[in-house]
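Try each task before you read its solution.

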Amino acid sequence: MIIKVAASILSLDYSDITIINQAVMRVSNADFIHFDVMDGKFVKDKTFDSDFVKSVNTGVIKKDVHLMTKQPEKLADKFIDAGAAMISFHAEAAKSPKKLIEKIKSKGVLAGIAVSPATPIKKIEKLLDDIDFVLVMTVKPGKPGQKLIEATIKKIKSLTKKKPDLIIEVDGGINADTAHEVIEAGADILVAGSYIFNSQDPKIAVDILRNS
Ligand code: DX5
Ligand code: ZN
């Protein structure tokens, strides 16, 4: 199983594009740069918009956009235009998750549903045949640097059992200590911010996660 790594910039000072572009250069071996878009409504915090995502120069590294917003259907086009290779949104925030999945896919972008720790798999069961990937949140949506909630591991396991071919992205509290158990549970893509960018050598941190 080849594990992919998405480096999240949430823990960095994203008010300064130079800092972000320099950080991206330090993780040239990552598969994705993960962008946590928050609108101050779906979650309390507010982060950045599609113009920001567009302005980040990720070179050949793909952009992975995680929408933690209300009405994601109103934003998807803008993030596709900003260069997203994959977009996930929270089903409970969308008017018609099915329609939005179809729309994202029709533009050649991978479509995923993000599942908060409080949301049971049952709630997204009907969408499992339509999506390209599922993003299992292993912390509460909002802040970087939280501790992985152990109970979410079960969710990864049950998704793996239900749909062995579905790509599972795991997001929150991933580090050298927790990566192994999420991979064992069936994770394919690991999102990590604090662990990677707090490391002295972010590139080595990416490799450590990939090989956990
Ligand atoms: C949390 C975000 C995560 C966050 C992960 O709301 O969805 O993507 O950036 O950050 P760390 O790796 O610090 O838990
Ligand atoms: Zn995220």
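## Exercises on a predicted model

**Exercise 1.** Is Lys 46 buried or exposed? Keep in mind that the model is predicted.

*Solution.* Start with the value: Lys 46 has 63% relative accessibility. Exposed means over 50%. Lys 46 therefore counts as exposed. Now place the residue. Lys 46 sits in the loop between β2 (32-38) and α2 (50-55).

**Exercise 2.** Classify Ile 80 as buried or exposed.

*Solution.* Find Ile 80 in helix α3 (residues 76-81). Its relative accessibility is 17%. Buried means under 20%, so Ile 80 counts as buried. Next, look across to Ser 50.

**Exercise 3.** Which residue forms a salt bridge with Asp 81?

*Solution.* Begin with the general idea. Side chains of opposite charge can pair when their charged atoms come close. The partner of Asp 81 is Lys 54, with the closest N and O atoms 2.8 Å apart. This pair joins distant parts of the chain: Asp 81 is in helix α3 and Lys 54 in helix α2, 27 residues apart. Lys 54 is partly exposed, at 46% relative accessibility.

**Exercise 4.** Why is strand β5 largely enclosed by the rest of the structure?

*Solution.* Go to residues 110-115. Five of the six residues of β5 are buried, so the strand is largely enclosed. Then check its pairing. β5 and strand β4 (residues 84-90) run parallel, with five bridges. One bridge joins His 90 to Ala 114 in β5.

Technical notes: Residues are numbered from 1 along each chain as its sequence is written. Chains are lettered from A and ligands numbered from 1 in the order in which they are written. This is a predicted model: local features need pLDDT of at least 70, side-chain atom pairs count only at pLDDT 80 or more; totals for chains, interfaces and linings use all residues. Side-chain values use heavy atoms; hydrogens and water are left out. Helices (H or I, at least four residues) and strands (E, at least two) are DSSP runs, numbered from the N terminus. Buried means under 20% relative accessible area, exposed over 50%, partly exposed in between (1.4 Å probe, protein chains only). Two strands pair if DSSP finds at least two bridges between them. A salt bridge is a side-chain nitrogen of Lys or Arg within 4 Å of a carboxyl oxygen of Asp or Glu.
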